[in-house]
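Thanks, everyone. Let me put the model up, and then we'll go through it piece by piece.

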Amino acid sequence: MAAGDWAALLEAGEISPVEALRRARLRADEPPHPAPPEGTGGGRHGRSAESSRATGRPGRDPQAEKAAEQARRVEAVLAELDALVGLAAVKRMVREIRAFVQVQQQRAQAGLLSRQTALHMAFTGHPGTGKTTVARLLGRLLKEIEVLPRGHMVEVERADLVGEYIGHTAQRTREVVRRAVGGVLFLDEAYSLARGGEKDFGRECIDGLVRSMEEHRDELVVILAGYPREMDWLVDQNPGLRSRIAIWIHFPDYSPAELVEISRRMLERWQYRLAPEAAVFLAERLRSGEMDLSGEFGNARGVRNLLEKALRCQAVRLTDRHAPPAVELMTVTRSDLEVAVAQLRVRDNNRFSLLA
């Protein structure tokens, strides 16, 4: 055993703790290993370039490491997108946008002409189809591929933009745009800006947005969202608006199977679960059309409202139980869903909406 190995000697009981401490202090006072001769490359970071080549292990490449880290972050955002239920066409379009941007960047680096196309978009679809979620992911993606400097999202509606007197709307619009520059400005139910008639201040807001979309085209992405027909009507009201929206993405309604999967995931996030017979009941009602949660009735939003109602029904069922076990506190039964559905109001030929 080496004489300097004081820790092993102490563990074996061959020296006392005091002697071990003395040896440790002596070891700490030893001079460092002599530096290698000049020219051998034995500095702080180890071997010389010749040694690295000889072993086949190249040194650090900061540019390669940066590119690898960027690729990792981009794939992380795309993985979140892929994890969303359904939306196959939407996911395909997002990947097309990413591919187009990256190829244009590569063309510029190669000295070729590149198309600096503005990425302002229109998202069409019914409520609860994932438009806001995808807009937020798009902002993050565009930041990671160096299109937007910040990638944050500012979400607004008519009340945030349209003022109450002359000049107020322009001021509000400029302030919202200022906050959104560097990221995404998301305006839901965008057509509401043009519904007030010729003298409504909403049209002034549209004009301000059109100017901002051009002035900040390299540092701002504006996404206008709403029902398909109404969005077509909106862009007809202002030709400049139509010409500046380069990309239209439609978000379809979820299928019954997708709505069941969304309900399962929602409950899982809330630490609940559907009993097997409850899942069968929900799937049957959705497939039969007896309970319609698609279209204007909310899609994922309608599912969330239904589940929240079912959780209240579960709470009423368990309220007289003394300290029910965790499995019962987590489980939504068929009876809970049946009571929730029974408290829905029939609308428009067997369509359902939650009572207030």
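This is a predicted model: local features need pLDDT of at least 70, side-chain atom pairs count only at pLDDT 80 or more; totals for chains, interfaces and linings use all residues.

E1 and E4 pair in parallel, through four bridges. Pairing here requires at least two DSSP bridges between the strands. Helices (H or I, at least four residues) and strands (E, at least two) are DSSP runs, numbered from the N terminus. Residues are numbered from 1 along each chain as its sequence is written, and side-chain values use heavy atoms, with hydrogens and water left out.

Now the other partner. Strand E3, residues 184-188, also runs parallel to E4, with five bridges. There, phenylalanine 186 faces isoleucine 223 of E4.

How many of the six residues of E4 are buried? Six of the six, so E4 (residues 221-226) is largely enclosed by the rest of the structure. Buried means under 20% relative accessible area, exposed means over 50%, and partly exposed is in between, with a 1.4 Å probe and protein chains only. In a regular strand, side chains alternate between the two faces of the sheet. Both faces of E4 are covered. Val221, Ile223 and Ala225 are buried on one side, and Val222, Leu224 and Gly226 on the other.

Threonine 129 lies between strand E1 (121-125) and helix H6 (131-144). Its relative accessible area is 0%, so threonine 129 counts as buried. Its side chain makes a polar contact with the side chain of lysine 131, at 3.4 Å. A polar contact is a pair of N or O atoms within 3.5 Å; within protein, one must be able to donate a hydrogen and the other to accept it, and residues adjacent in sequence count only if both atoms are side-chain atoms. Leaving out residues up to four places away in sequence, threonine 129 touches Leu87, Phe251, Pro252, Asp253, Tyr254 and Asn299. Contact means heavy atoms within 4.5 Å.

On to the largest pocket. Its volume is about 570 Å³. Of its 21 lining residues, the closest to the centre are Gly130, Thr133, Tyr254, Met266 and Ala300. H6, E3, helix H12 (256-269) and helix H14 (300-318) each give two or more residues to the lining. H12 gives the most, with four. For the method: on a 1 Å grid over the protein atoms alone, a pocket is an open set of points where a 1.4 Å probe fits, with protein on both sides within 12 Å along at least five of seven lines; lining residues have an atom within 4 Å of a point. Grid points are joined across faces, edges and corners, and the volume is the space filled by probe spheres set on the points.

Staying with H14: glutamine 314 is in that helix. Glutamine 314 is buried, at 3% relative accessible area. A polar atom of its side chain lies 3.1 Å from the backbone oxygen of leucine 329.

Last, the whole chain. There are 16 helices and nine strands. Of the 356 residues, 39% are buried. Among contacts between residues at least 6 apart in sequence, 70% join residues at least 24 apart.
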